[in-house]
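I opened my notebook with a plain plan: look up the surface, the helices, the charged pairs and the rings, one at a time. Here is what I was looking at.

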Amino acid sequence: PEFIWLFLILSLLLQELWQVLKAAYHRKLHDYFADGWNVVDWISILTGGGVIAVWLLVIQGSSSLTSTVVTLPRSPLPNTLNSEEYRTAWTGLLQDATDLYQLREIHWFLLFAYSTIITLRFLKGFLGQQKLAMIQYAMARSTTDVFHFQIVFVIMFVTFVIGGHVLFGAALEEWSTVGNSLSSAIKMLMGAFDFENMYDYAPFSATAWFWLFLLTMVFLLMKLLTAMLVYHFAKFRRIVGPTESIFVDAWNGFRDLIWRLEWRWDYIRMWDFLAAFQNPYEDLMDGVMTKANIRPEMAEMMEKSVLGLRLAQAKRDVVSMDGLAVEMQNHPAIEVLKAKEMQKELRKIAADPATADHLIDECDKQHKKHLLWARKIQHLDVEKARGFLSMLRSQRDQLNTYCDQIENGFAEEMSGLIDGLEGLEVSIAEAFEGLLELRSTEVDSLALCPPRLPYAGTSLRNE
């Protein structure tokens, strides 16, 4: 086991050194060490190296101490033995044993610290599984509220500890000191308490202290802490939507393993051993991200967590007026997904035909799942704002239509009026031309001749 553990430490060291060189080459060394998980990896490497170094010192010290003990004279001691040298030798031996024990304690503490760091590295690994990452993110988002809650909790808890020490410390051993009172209060918080001895000593004080402690610390504050965690978990779950369980991921991983074995076996049957031991997905992710034109901040979030893409999409969806789904309709990657020759597109990126078909099938399954989950992750307030915006746009379009109709009708009426005025102008011009023509022919009027009058004395014009 020790050699396996040493091999794992060396593997992690080589992996981190390669990442440091890669970050230095791309001039992103600051970003590398700004990531807390990389710092945790280096702390685990250094702590593991310290464990190994101290363990070697303990072995060397134990061997040296054993050799020294063997060289000391044994009972019965000879008469020629120098007692002063003998005492000096034993004094040095005891001092070496004390130093070795202290070194052993340091080794134990380093083992404890290393186990704690390994726990942190487990948390880093949990970011690769959806449900575990969701729980971890929810707890991290509640840190600020929990911190302020702890301020209130500690103040009230210390108040009850001091009160219990003052009330029962004179008669009960478990409340005799502040340390014992703190231990007793913690036990009562966990549900283990001895109320009978408290009640026998001071019935009224014990009843008042116990019920105030129970109602305040257990029923109120502990439930408040639970409600805060549940609130942040539910809120974060609405953001990322439903997540796959670890059992589904294990099954998908097993299916992918079977497919990889079949893929490698196909190349082995074609006597292409070099390709059989390559990664079928090598350089594929970078090519797909380049083709999809993924933003740098989104790519960074994807590298940090399995939920990074969902968080980035949720962030863009909230700040978008129309929603990410509408914006992505004209995205270049959508055209690739709609294309009938998707396999050729994947082969252009970095995939062989078998890998392209496999990815198309898996992506189709995931796409159907996300279509079912899409309605469950909608932000209600944002959707209300978008509905209101859609209504405003509809009303604007309708108003524009009415205004266009009014303008068109007004244009038609104006055209008719202009035509009438132009006709009137033509008629007037023709009338004036006729009058000028009559004037030139000495005709005074175009009126008809008056009729003959039937009574006498009238002069009639000749017909």
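Predicted model: local features only at pLDDT ≥ 70, side-chain atom pairs only at ≥ 80, totals over all residues.

**Entry 1: surface and overall make-up**

I started with the accessible area: the protein chain exposes about 33,600 Å², and carbon and sulfur atoms supply 64% of it. Accessible areas here come from the Shrake-Rupley method with a 1.4 Å probe, and for residues only the protein chains shown count as cover.

Residues are numbered from 1 along each chain as its sequence is written, and side-chain values use heavy atoms, with hydrogens and water left out.

Next I looked up burial. Of the 463 residues in the protein chain, 23% are buried (buried means under 20% relative accessible area, exposed over 50%, partly exposed in between, with a 1.4 Å probe and protein chains only).

Then I checked helices and strands, which are DSSP runs numbered from the N terminus (helices are H or I with at least four residues, strands are E with at least two). I found 19 helices and zero strands in the protein chain.

I also looked at contacts, meaning heavy atoms within 4.5 Å. Among contacts with a separation of 6 or more, 65% are between residues 24 or more positions apart.

**Entry 2: salt bridges**

How many salt bridges does the structure hold? It holds five, where a salt bridge is a side-chain nitrogen of Lys or Arg within 4 Å of a carboxyl oxygen of Asp or Glu. The background I jotted down: side chains of opposite charge can pair when their charged atoms come close.

I looked at Asp41 and Arg121: they form a salt bridge, with the closest N and O atoms 2.9 Å apart. Asp41 sits in helix α3 (residues 36-71) and Arg121 in helix α4 (residues 83-126), so this pair ties together parts that are 80 residues apart in sequence. Asp41 is buried, at 0% relative accessibility, whereas Arg121 is partly exposed at 29%. I also noted that Asp41, Arg121 and Lys124 are linked in a network of salt bridges.

Then I moved to helix α10 (residues 246-269), where Arg260 and Asp256 both lie, four residues apart, about one turn of the helix. Their side chains meet in a salt bridge of 2.9 Å, N to O. Arg260 is partly exposed, with a relative accessible area of 23%.

Asp266 and Arg269 are also both in helix α10, three residues apart, again about one turn. Their salt bridge is 2.7 Å, N to O. Asp266 is partly exposed at 32% relative accessibility, and Arg269 is exposed at 54%. The spacing made sense to me once I remembered that an α-helix has 3.6 residues a turn, so residues three or four places apart point the same way.

**Entry 3: rings**

Rings of Phe, Tyr and Trp (its six-membered ring) pair if their centres lie within 6.5 Å; planes under 30 degrees apart count as stacked, over 60 as edge-to-face and the rest as tilted. By this rule I get 21 aromatic pairs.

Tyr137 and Phe236 make a stacked pair, 5.5 Å centre to centre with 25 degrees between the planes. This pair links distant parts of the chain, as Tyr137 is in helix α5 (residues 130-141) and Phe236 in helix α9, 99 residues apart. Tyr137 is partly exposed at 21% relative accessible area, but Phe236 is buried at 1%.

I then looked up Trp263 and Tyr267: their ring centres are 4.8 Å apart and their planes are at 65 degrees, so the pair is edge-to-face. Both are buried. Being four residues apart in helix α10, they are separated by about one helical turn.

I also found one aromatic cluster formed by Phe149, Phe153, Phe157, Phe160, Phe168, Trp175, Trp209 and Phe213.

**Entry 4: helix α6**

Which residues of α6 are buried? They are Val146, Phe149, Phe153, Phe157, Phe160, Val161, Gly164 and Phe168. These pack against α7 (178-189), α8 (195-201) and α9 (203-240).
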